[in-house]
Amino acid sequence: MKNAVNREIPDELLQNGRKPFMGSGYYDGAEHQKVAPVVRAREKSFESKVLPSIREAIQQCGMKDGMTISFHHHFREGDYVINMVMEEVVALGIKDVTIAASSVGAAHDPVAEYIEQGIVVGLQTSGIRGKIGEAVSNGKLKTPAILRSHGGRVRAIEQGEVHIDIAFIGAPTSDCYGNARGVGGKSDCGVLSYAMVDAQHADKVVVITDTLVDFPNFPPSIQAVNVDYVVVVDAIGDPKKIATKAARMSQDPRDLMMAEYCAKVIAATPYFKDGFSFQTGAGGPSLAANRFLEPMLLEKNYKIKWIIGGITKPAVDLLNKGLVETIVDAQDFDIDSVRSVQDNPRHFEISTSQYASPGNKGAFVNKLDFVILAALEVDTDFNVNVITGSDGVLRGAPGGHPDTAAGAKCTIIVTPLVRGRMPTICERVVTVTTPGECVDVVVTDYGIAVNPRRPDLLAALTEAGLPLKTIEELKNEAYQIVGVPDQVEFYDRVVAIMEARDGSILDVVRQTKPMKL
Amino acid sequence: MKLIQTALAGTLESSDAQVTVENAENGIEISIESNVINQYGRQIKETVLETLDRLGVENARVKVVDKGALDCTLRARVECAVFRACGVDKDYPWGGAIR
């Protein structure tokens, strides 16, 4: 049947309580019972949870065929943990494994091989890139991958839609009992927000660190009371790829023009007043928007109450200049943000549940005024795709995109009209990751479109004299430049399910068909 | 036009296309590699064939490595490669070879 974003969802997927997407906010107010893990009590006195190896930890946890193991992606493309654990899982002959990670990328290309071999049969993630994305798109994974937003992942774990048997949590520092932190080691990632829900809901929890510190390692991101074992390895990741140098502010005039438009859109809305809240993505034009925001704040003598999200240097700079009161942090993208969360008392680590879950009693995103986000594609219904490339292959991450878009009072998507020959504004996105009803304004280098659902914003932006166009006009302009694209062809087989935040089916991704001319 | 040598035009930069043409015996043989093949492969092929036809090339082996070039770029690269392959080195019909 067709769901609320007009996508055909195969009936065979709508079983075991799975529903088609009915619209954003449909489950607001619904009640559920949270699940709880099995806990093996440690009543007697003992000295340490440290085990000699990852293999030993897998064995002590009683890992068997068919189990689900989880990982976080705070080490980004520098992560060694998934590969180290999977190597041992495979060496022990364990089969039918499901990986439930907060994201996977090119750092985990070896896992694609395990998918091809049929050892890894399930994948649940909020991001998928590299060879894993290709393997799944080519139909190599036995069961459809399940893609969720960051908030949706927390909700699914808490509601028991995914049961984690063993969580392997890479940590820059840990003590011998498993109090783990994102700072103080040789591969600091700043925060361990994504792993918090895993620690609370997995039956077994293994902390893997390369820096064992004195007990107690406080204040901990992951609490020892939730940890079964600790393993010390030589390196949990490549520090250079975990906390990268701050991205250089874009000098591309196209990026800067779009960034300036974003700042002007913000200034034109009624939400631009002293004490607003703000999140921006880590892409070029989104980041550059910070640069245009600063003079506007100074001119009006406004301060930002809080900034949330993946944190980057521009946010830290605003905090240090006193233009932001508080940063709440669920991921760090560069060395500056890692140092800031360690040193600045107004820069706080939060869990991904606090950040974005639609299943708790109220996450930060619900109180966001503005979010600036990127997109691979936006269609004339304002639906956004951030997961599949123009060839239909999985190579992106919903991440916090659907969560912040749903929560923020003003959601701004910023994207160039065309990338190379690809029209970004199009008739129909390949995959819907964020429903159009959550998108308010689309900023491009050829003009700004306001979602007709927001006549209030349209009036405000018109009054401000911004270069407005309809989304149809933008699409037509894009097609005039690059030509009307043919529809990407797929086989019928569903290789991935894109879940909406509430767990209903927003869209499906099908197996890619090799192109024949 | 009759191709007398193998020739190449264009680059592998983003938004460009590299076109190689050489003489062949039996009509037009065309191979296309493109990072936008799923959505524009058919149009790239049409554009290349149309341009060859307009230039009066009846026999050629054409290889296109496309990096997301627009149609105007593709046409220009095909024209240039063909002129080079035909040994034309002056009096180019700037602005496009119009039949």
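A polar contact is a pair of N or O atoms within 3.5 Å; within protein, one atom must be able to donate a hydrogen and the other to accept it, and residues adjacent in sequence count only if both atoms are side-chain atoms. By this rule, 17 residue pairs (both at pLDDT 80 or more) are in polar contact between domain 1 of chain A and domain 2 of chain A.

The model is predicted: local features need pLDDT of at least 70, side-chain atom pairs count only at pLDDT 80 or more, and totals for chains, interfaces and linings use all residues. Residues are numbered from 1 along each chain as its sequence is written, chains are lettered from A and ligands numbered from 1 in the order in which they are written, and side-chain values use heavy atoms, with hydrogens and water left out.

**The two domains of chain A**

Chain A is divided into domain 1 (48-242) and domain 2 (253-487), with bounds that come from an automatic or database domain assignment. The C-alpha centres of these two domains of chain A lie 29 Å apart. Contact, defined as heavy atoms within 4.5 Å, joins 31 residues of domain 1 of chain A to 31 residues of domain 2 of chain A. Together the two domains of chain A bury about 2400 Å², 58% of it on carbon and sulfur atoms; buried area is the accessible area (1.4 Å probe) that two parts lose on being put together, summed over both. Of the area that domain 1 of chain A buries against domain 2 of chain A, A:R76, A:H150 and A:V191 supply 18%, more than any other three residues.

One salt bridge is counted between domain 1 of chain A and domain 2 of chain A, a salt bridge being a side-chain nitrogen of Lys or Arg within 4 Å of a carboxyl oxygen of Asp or Glu.

**The interface of chain B and chain A**

Here 18 residues of chain B are in contact with 17 residues of chain A. The two chains bury about 1600 Å² between them, 52% of it on carbon and sulfur atoms. In chain B, the residues that lose the most area to chain A are B:N38, B:Q39 and B:Y40, together 48% of what that side buries.

Across this interface the rules find two salt bridges and seven residue pairs in polar contact (both at pLDDT 80 or more). Helices (H or I, at least four residues) and strands (E, at least two) are DSSP runs, numbered from the N terminus. On the side of chain B that touches chain A, α1 (37-55) and α2 (71-85) of chain B each supply at least two residues. The largest share of that side, nine residues, comes from α1(B).

**Salt bridges and an aromatic pair**

Over all chains, the structure holds 30 salt bridges.

| Residue | Partner | N to O distance |
|---|---|---|
| A:R339 | A:D188 | 2.8 Å |
| A:R421 | B:D71 | 3.3 Å |
| A:R155 | A:E499 | 3.4 Å |

The pair of A:R155, in helix α5 of chain A, and A:E499, in strand β24 (residues 490-499) of chain A, links distant parts of the chain, 344 residues apart.

Ten aromatic pairs are found over all chains. Rings of Phe, Tyr and Trp (its six-membered ring) pair if their centres lie within 6.5 Å; planes under 30 degrees apart count as stacked, over 60 as edge-to-face and the rest as tilted. A:Y271 and A:F370 form an edge-to-face pair, 6.2 Å centre to centre with 70 degrees between the planes. A:Y271 lies in the loop between α8 (253-268) and β11 (276-280) of chain A and A:F370 in strand β15 (residues 370-373) of chain A, so the pair ties together parts that are 99 residues apart in sequence.
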